[in-house]
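Please read the following account with the sequence and the structure side by side. It goes from whole chains to single residues.

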Amino acid sequence: MFEERIIFHDAIETMEVDFCGTTFAVNADVDAFYDVVDKRLADSGRSWYFLVVYTDCVIAPEAWERFAERGKIANVKHGLGTVRVGASSQTREEIRQRAEQEAFRSNIFNTRDQAMLALGEMRKRRRDSRAAAEGTFLRVENVSLRFGGVKAITGVSFEIKRGEISSIIGPNGAGKSSMLNVINGVYHPQEGTVTYLGNARHQMRTHEAATQGIARTFQNIALFKGMSVLDNLMTGRNLKMKSNFLLQALYWGPAQREELAHRKKVEEIIDFLEIEHIRKTPVGRLPYGLQKRVELGRALAAEPTLLLLDEPMAGMNVEEKQDMCRFILDVNDQFGTTILLIEHDMGVVMDISNFVVVLDHGMKIAEGTPDEVRSDPTVIRAYLGTAH
Amino acid sequence: MQFFFEVLIGGLLSGVMYALVALGFVLIYKASGVFNFAQGAMVFFAALTFVGVMELGAPFGLALVITFAAMVLLGVATEKVVLRPLVNQPQITLFMATIGLTFFIEGLAQGMWGASVRGLEIPGIQDEPIEWAMDNWGIGISKFDLFAAGVSAVLVSVLAVFFNKTRVGRALRAVADDHQGALAIGIPLQNIWRIVWAVAGFVALVAGLMWGARNGVQFALTFVALKALPVLIIGGFESVAGAIVGGLIIGAAEKLGEVYIGPMVGGGIEGWFPYVMALLFLLVRPEGLFGERHIDRV
Amino acid sequence: MLYREAGQFKATYQEDQQIFPIRQDRIAIASILVFFYLVVPAAANQYWLQAILIPVLIFSLAAIGLNILTGYAGQLSLGSAAFMAVGAFAAYNFMLRVPGMPILAAFVLGGLCAAAVGIAFGLPSLRIKGFYLAVATLAAQFFIVWALTKFPWFSNYSSSGVITAQQVEILGYAFISPESKYVLTLAVVTVLALAAKNMVRSSIGRSWMAIRDMDVAAEVIGFRPMHTKLSAFAISSFYCGVAGALYAYTYLGTVEPEGFNLDMSFKILFMVIIGGVGSIMGSFLGAAFIVLLPIFLNISMHVLGDWVPHGLASNLELIVFGGLIIFFLIVEPHGLARLWQIGKEKLRLWPFPH
């Protein structure tokens, strides 16, 4: 009977324990309940937040000590945090005292909704602190890349923060595109490491970048020319599609449902980028500016954590640039996507970036906020040139 | 051991013959980036035309001139009708177009001259062992094979000089490197391509004469081109030297394989052994022995 | 006037994702199916069924196979006939050696054997592209035909590798008459063609096209090149294998390895080029065109009578084939399927020019 009073909410990492109407008269009652709880926890093999509901629960003074003891053990072994609902004034007082003695937060709420909200806060705090503990979002350390004898990048290091828009700038041939290619695994640097979401790597296969949530666009548009806009965007969602080719061949059941679900998602991106009118057009027939937009859409379809944009505004006129800027800022704003972009238009870079890295001849010559970089003498020299 | 050397030398000499065909592929590929599958058909066309003209009563020299003229015509026509409209298309499209061209030329040649098998004799050269080598080393070397090797050597030297020393040769190399760049500095692209196809036609003529004299002029000559493909893979599509070395390797390997490995699996492996060898080779060195390694840019 | 889609609105994505979103197309395809399933077997004579319709269907299937590999995944292959041979000989051996083997299962197993061989010969595609790969597939062509000839086990020790297909029987019904063989072939081809169409409009098809159009970008998006290319090789070879089995069982009855030669591979390639690279519909058009053309040429030679020199017909065939390939590559690289589409566009507007 205790079994059904324990509910696991996997999605929010929470175990709900329902003490409603239970009476713990002697220690044996407490043990009977907690033996089940402990077994379920041990079987799950992981940690949980606890949501404990006390409504109409009676704990006799004789059993209280054992009750607190077993609760503490469960918390220490498997607990990420606990919220409590509906404790009687007696229970409430007991808990408060114990909380003061042992220095934990008592977290008692009157309604279940309040408890769930608090739980959400707890989970968010823990996620943030874990991200902070794991270090930075993306760190490039001492990366060098050579093609034969040609040095494309020499000992470049920088860091990018989650949720920001960062830019790499520099004259032609400075190694900007190569840098992006290193980050998403197309090129393998001879030296140095790239640390992304806490994982350092020296080499990885190109397709692995996508599985880690890195998407990108290319300097010379790399759309699939033979396919329609819709299909191009759908390719962006391939990693999320699970049905096998036999189901796809039948176009039946799960395969069809999956296809339609992703189509819906892609249509949202089509809406977002305002390209509804061309969704069935083969991309080869589109004008340049629209192709760039479709390419951004394809990258967005993957719902990336990190979006790399290689000269998203090259060759565009002023209106198209404004549109693109708006899309980039919106993506950053609405989806919280971190963006790293390469761009030649200084006005654009300084307007939308939080952080700028300057490369020249494959080396980093400056980094900082747009204002810092703008006034940096080395940067000015690299751009305007001096007599060498 | 004597037997081994006899097989090896026989293989190397027939390898020279493969190289002769491969050379035609390399020339066109170098100058226009087209992988000309029709090279074998051109060899067949040349041999058949030559024999046909001889049958009409022309002497050897005149037949040679007429056939050469026909080959130039064929090359120029190909450039105009097939390649020019397809310029800037993907390489694979051009490749498929040359497969179509192969069928066309084969049909044309047989339509003009008939499909019967004919002999072709090159005056003074017989396919018989050289007595001196037989007496001294006990190895049978065909006079004809040696002659063919000599012709190939001369042809390669001439081509090397043509490519490296003449103005046209330099222009050719420029075109091969960068079409638009060559155009920009005023090299007439279409003239160059015409010249290349004409030269490839000439190489096909020489190969046709050699192969025709050896195996008779018949439809099977077109399959010689299929033998030349593994040669190209091993040697690299862009290298004259590669064609020669690749030819030697394939020739030797094929004959040695047939003699030493063939009996183990029931023989007749000549048809695919070079391909499998080339395949294994590809896995190790995809750009061929003398080919250039390309870096993909994104 | 009749061919209008005005007034047909798509309210759900499901409706929009149909193979034939336009109502008139659905009616047309239904009538075509009715025609070929019901009218043709009743009306056509033996010559039409045996010598034209069955081979057209079988080659359509092989062309769909090659189209998956070349048209959709962009990997040129010159060895399709060899994979057909694998399918034919594998199906024959399953029928021969496994007692009570159902024929349809033998077809599928034949296809699977071809798929396995296809994967083996597709391995080089991971390192090489374009015509290098095309040359590599020639290895498959020569090796497979050689192996089937050289190892007599494959042909149950018959001379020169000739096999005679066993009688086709499903649930006690023997397929002996041309009509029944035709319907069986048609059924297999319809099912597989539909499956191919479904694949190319699903994520596996998109992965093939992505690799074809821009392989680096495809990899960056997360397609695994090995997985994608080999799946194309496997599925393409499966189709060719089943086509080969049908070729032996419902078309010729007696086949030999040499019959599946390079020429046949080229013919299948031509079907794809002329029919339309990257089009399932085009595979049918191309196969019909290539099968019918020699017959047409022969008939016209006969009409011209003695006036034409002997042997010209076969050479003319070569010339016309070659010429058409070049013509289509230059003028309409998307083949008959594209012409068909253009025709439909015109029809939508008719009688107005724009």
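The model is predicted, and every value quoted here is computed from it. In chain A there are 14 helices and 17 strands. The chain is divided into domain 1, residues 3-133, and domain 2, residues 138-384. Taken over C-alpha atoms, the centres of domain 1 and domain 2 of chain A are 45 Å apart.

The overall dimensions of chain A can be set beside this division. For 388 residues, a compact globule would have a radius of gyration near 21 Å, whereas chain A has 28 Å. Along the principal axes, the C-alpha atoms of chain A fill a box of roughly 90 × 55 × 40 Å. Of the 388 residues in chain A, 37% are buried. Where contacts in chain A join residues at least 6 apart in sequence, 71% of them join residues at least 24 apart.

One sheet of chain A is open and has 5 strands, in the order β1-β2-β4-β6-β7, with mixed pairing. Its edges are β1 (6-9) and β7 (108-109) of chain A; each has a single partner strand, so one side of each is left without a neighbour in the sheet. At the β7 end, strand β6 (residues 79-85) of chain A and β7(A) run parallel and are joined by 2 bridges. Within this pairing, Arg84(A) stands opposite Ile108(A) of β7(A). Helix α2 (residues 61-78) of chain A lies across β4 (48-53) and β6 of chain A, and runs at about 135° to β6(A).

Another strand to look at is β10 of chain A, residues 165-169. Is β10(A) mostly covered or mostly open? It is mostly covered, with 5 of its 5 residues buried. In a regular strand the side chains alternate between the two faces of the sheet.

With strand β15 (residues 338-342) of chain A, β10(A) pairs in the parallel sense over 4 bridges. Ile165(A) has Ile339(A) of β15(A) opposite. Strand β16 (residues 355-360) of chain A also runs parallel to β10(A), and 4 bridges join the two. Here Ser166(A) has Phe355(A) of β16(A) as its bridge partner.

Two loop residues of chain A deserve a look for their backbone angles. Glu274(A) is not a glycine, yet its phi is positive, near 55°. Its place is in the loop between α9 (254-272) and α10 (288-301) of chain A. Is Glu274(A) buried or exposed? Because 10 other C-beta atoms lie within 10 Å of it, Glu274(A) counts as exposed, the limit for that class being 12 or fewer.

The other residue is Glu303(A), also not a glycine, with a positive phi of about 45°. Glu303(A) sits in the loop between α10 and β14 (306-310) of chain A. With 16 other C-beta atoms within 10 Å, Glu303(A) is partly exposed. That class lies between 12 or fewer for exposed residues and 20 or more for buried ones.

Chain B is built from helices: it has 12 helices and 0 strands. Along the sequence its pattern reads α-α-α-α-α-α-α-α-α-α-α-α. A compact globule of 298 residues would have a radius of gyration near 19 Å, and chain B, at 19 Å, agrees with this. The C-alpha atoms of chain B fill a box of roughly 60 × 55 × 35 Å along the principal axes. Of the 298 residues in chain B, 46% are buried. Among contacts in chain B with a separation of 6 or more, 75% are between residues 24 or more positions apart.

Chain B also touches chain C. In this contact, 38 residues of chain B meet 33 residues of chain C. On the chain C side, α6 (130-150), α11 (262-275) and α13 (312-331) each supply at least two residues. What classes of residue make up the side of chain C that touches chain B? There are 26 nonpolar, 5 polar and 2 charged residues.

Methods. Residues are numbered from 1 along each chain as its sequence is written. Chains are lettered from A and ligands numbered from 1 in the order in which they are written. This is a predicted model: local features need pLDDT of at least 70, side-chain atom pairs count only at pLDDT 80 or more; totals for chains, interfaces and linings use all residues. The radius of gyration is taken over C-alpha atoms; the globule rule is 2.2 Å times the number of residues to the power 0.38. Two residues are in contact if their C-beta atoms, placed from the backbone, lie within 7 Å. Ala, Val, Leu, Ile, Met, Phe, Trp, Tyr, Cys and Pro count as nonpolar, Asp, Glu, Lys and Arg as charged, and the others, Gly among them, as polar. Two strands pair if DSSP finds at least two bridges between them. Domain bounds come from an automatic or database domain assignment. Axes are lines fitted to C-alpha atoms, for helices over the stretch in contact, and angles run from 0 to 180 degrees between N-to-C directions.
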